[in-house]
Amino acid sequence: MKQTILYPIFLVLFALPSVVRSQTVPEEDVPVSIADSIHARYDYAAKGEPKRYTFLEFGATYCLPCRQMEDVMQEIRERYSEKVTVEFFNVSLVENAPWAEHFEVDLIPTQIVLDEKGRTVFRHTGVISAESLMQAMVLCGLDDKEE
């Protein structure tokens, strides 16, 4: 009687770990580092895309200064649509926390401009005018001619 009960227990103890170890995580479920995501999304040079810069805005929808930056983001989108990608990261969302941590965002709003290889070329914390941001991007090499 004891052998009958013990056999299933031994089977579970010794066979189950090998079954669990043999399972693989599907590739799409493997966590990707933020650095890999930056390369995949914003390395326009490697992808052969015409974009030159990425403007990352870190803020929150409840933050009044961050909401003031909405017009700036829109102006950059409109003026440089062919050359600049504009993205907003709401730091109050859990899924954006790794991005804020990677870029060491402690205060909001924070603006970060990446070059065509995904490298940080400009950083500012607080509200900045569209004109000042455009001047900074021109200093970083963006052609200021309107499209």
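Helices (H or I, at least four residues) and strands (E, at least two) were taken as DSSP runs and numbered from the N terminus. In the predicted model, local features need pLDDT of at least 70 and side-chain atom pairs count only at pLDDT 80 or more, while totals for chains, interfaces and linings use all residues. Residues are numbered from 1 along each chain as its sequence is written, and side-chain values use heavy atoms, with hydrogens and water left out.

The protein chain contains six helices and four strands, in the order α-α-α-β-α-β-α-β-β-α from the N terminus. Of its 147 residues, 33% are buried (under 20% relative accessible area; exposed is over 50%, partly exposed in between; 1.4 Å probe, protein chains only). Among contacts (heavy atoms within 4.5 Å) between residues at least 6 apart in sequence, 69% join residues at least 24 apart.

Helix α4 (residues 64–79) packs on helix α6 (residues 130–139) at an angle of about 50 degrees, the axes being 9 Å apart. Axes are lines fitted to C-alpha atoms, for helices over the stretch in contact, and angles run from 0 to 180 degrees between N-to-C directions. Val72, Glu75, Ile76 and Arg79 of α4 meet Ala130, Glu131, Leu133, Met134 and Met137 of α6. By class, this contact of α4 with α6 comprises six nonpolar, no polar and three charged residues (nonpolar: Ala, Val, Leu, Ile, Met, Phe, Trp, Tyr, Cys and Pro; charged: Asp, Glu, Lys and Arg; polar: the others, Gly among them).

The structure has zero disulfides (pairs of cysteine sulfur atoms within 2.5 Å). Cys66 is buried at 2% relative accessible area, and Cys140 is partly exposed at 26%.
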